[in-house]
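Here's a quick briefing to read with the structure open beside you.

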Amino acid sequence: MKKIIILGSSGSVGMQILDVVSRMKDYVCVKGLAVGSNINVLKSQIKKFNPTAVSVNDPVAARILKEWCVSNDMQTNVYSGAAGLEKLATTRDVDMVFASIVGSVGVKSIIAAIKARKNVAIANKESLVMAGNYIMNLTAKKGVSVFPIDSEHSAIFQCCVGAKKSHIKKIILTASGGPFYRYNKDFSKISVEQALNHPTWKMGKKITIDSATLMNKGLEAIEASVLFGIPIDNIEIIIHPQSIVHSMVEYADGSVIAQLSNPDMCLPIQYALTYPERVPSNVKPLNFFEIGKLEFYKPDFDKFRCLGLAYYAAKKGYTVPAVMNAANEVSVAAFLNKEIKFTDIGKIVEKTIKFHKISKRMSLDTFLKADLWAKQYAKKLIEKGI
Ligand code: MG
């Protein structure tokens with residue numbers, strides 16, 4: 001029986017994790033859940049999974065939930081705030097912590113879990129972009145494993161089982177391409193509505209815009225470089241509109257190993273739970289005759305400047321990826337608010353990176369400071385009209 005904790009259980013990834021867990025009741029037991037403030041969702045999750053403890057970031061919501069637990073005869077302990085989250089993430093007798101909380105709170109809880117020697121399954125992209133090398137060094141020191149939940153990184157992980165790192169020549173990261181990889185009109189006139197209209201995936205607004213600028217793929221390239229210890233120049237991005245090949249690994253002898261499946265987050269989640277075993281899932285089997293063909297195209301680095309910026313940030317290293325991520329976050333929010341143009345996102349990110357003074361200290365505090373500085377600087381740029 002695997003005992004797990006899910007941080008961010010009311011979010012879309014968190015709910016998908018619980019979906020997988022509810023089909024694997026003989027194999028997995030939920031020991032703890034954490035949410036920001038959505039206690040209505042948490043109440044039904046408590047009833048269904050009966051965790052030992054939960055954490056609610058908002059103290060008022062936590063108090064209401066505590067009263068609810070008492071009046072409903074629930075034995076669940078309720079924690080709150082940042083301290084509560086850390087307490088939950090470091091619970092004794094737990095095998096794996098699923099980290100799907102967004103933002104810097106998420107980073108802190110991942111680090112707390114690793115320090116307490118828990119294996120972690122990471123769905124929080126910015127943590128690996130912000131403080132990836134620091135996190136990976138810490139996992140090595142503590143002897144714990146990291147399991148990727150992103151479909152591309154799970155694919156790479158699956159293609160690397162049993163392989164030596166020195167045998168890997170390059171990683172081929174696939175991208176659906178978003179709504180604009182074939183768009184030939186003026187990018188500066190792209191509207192919020194157009195950018196939110198992703199052809200194949202239904203996702204949150206932030207990641208949908210990141211998919212439209214291809215920044216999402218840039219972030220994923222950095223994530224892959226960190227997770228698998230491969231230099232960024234050995235990571236190639238290719239557009240694959242069918243989203244069937246989730247990524248590939250090319251080996252020294254010229255062999256390429258790919259992972260294919262119908263796109264479904266349940267698979268990476270389940271594999272993180274069962275690794276190295278494989279068990280049946282609900283994913284619809286591939287029908288190659290229905291698919292017919294798989295296409296691959298080169299991404300245009302001139303049209304999608306965020307891609308080049310991500311490679312630049314990865315090469316510079318230290319605090320630069322954190323700064324890029326933070327400036328992007330602020331710019332995407334401003335674009336969604338109709339304060340800036342689609343093409344301004346890349347401009348603001350570039351200006352913020354160029355103005356940043358790199359700090360070479362490897363501490364969580366350094367990364368958090370860089371994140372905060374970049375957010376403030378990017379906001380100033382937007383206020384000034386870039
Ligand atoms: Mg992805």
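Donors here are N, O and S atoms within 2.8 Å of the metal, and water is not among the atoms, so a site may look incomplete. Keep in mind that this is a predicted model. With that cut-off, the magnesium ion gets its protein donors from Asp 150 (OD), Glu 152 (OE) and Glu 220 (OE), at 2.2 to 2.5 Å.

**Magnesium site**
- Along the chain, the donors of the magnesium ion follow the spacing D-x1-E-x67-E.
- Distant parts of the chain are linked by the pair Glu 152 and Glu 220, which sit 68 residues apart.
- Glu 152 belongs to helix α7 (residues 151–159), while Glu 220 belongs to helix α10 (residues 215–228).
- Buried is the word for both Glu 152 and Glu 220.

**Nonpolar core**
- The largest nonpolar core holds 123 residues.
- Within that core, the residues touching the most other members are Ile 4, Leu 7, Leu 65, Phe 98, Phe 180 and Met 324.
- Take Phe 98: leaving out residues up to four places away in sequence, Phe 98 touches Ile 4, Ile 5, Ile 6, Leu 7, Ile 17, Ala 121, Ile 149, Ile 269 and Leu 273.

**Aromatic rings**
- Counting rings whose centres lie within 6.5 Å as pairs, the model has 17 aromatic pairs.
- Ring pairs join Phe 180, Tyr 183, Phe 187, Phe 304, Phe 335 and Phe 342 into a cluster.
- Over at Tyr 312, the charged end of Lys 354 sits over the ring, 5.8 Å from its centre.

- As background, most peptide bonds are trans, and most residues other than glycine have a negative phi.
- Tyr 275 and Pro 276 are joined by a cis peptide bond, with omega at about 5°.
- You'll find Pro 276 in the loop between α11 (266–274) and α12 (288–291).
- Tyr 318 isn't a glycine, yet its phi is positive, near 50°.
- Tyr 318 lies in the loop between α13 (305–316) and α14 (320–336), and it counts as partly exposed because its relative accessibility is 38%.
- Lys 338 also has a positive phi without being a glycine, at about 65°.

Terms used: Residues numbered from 1 in each chain as written. Predicted model: local features only at pLDDT ≥ 70, side-chain atom pairs only at ≥ 80, totals over all residues. Heavy atoms only, no water. Helix = DSSP H or I, 4+ residues; strand = E, 2+ residues; numbered from the N terminus. Buried < 20%, exposed > 50% of the residue type's maximum accessible area, 1.4 Å probe, protein only. Core = buried A, V, L, I, M, F, W, Y, C linked by side-chain atoms within 4.5 Å. Contact = heavy atoms within 4.5 Å. Donors = N, O, S within 2.8 Å, 3.2 Å for Na, K, Ca; no water. Phe/Tyr/Trp six-rings, centres within 6.5 Å; stacked < 30°, edge-to-face > 60°. Lys NZ or Arg CZ within 6 Å of the ring centre and 35° of its normal.
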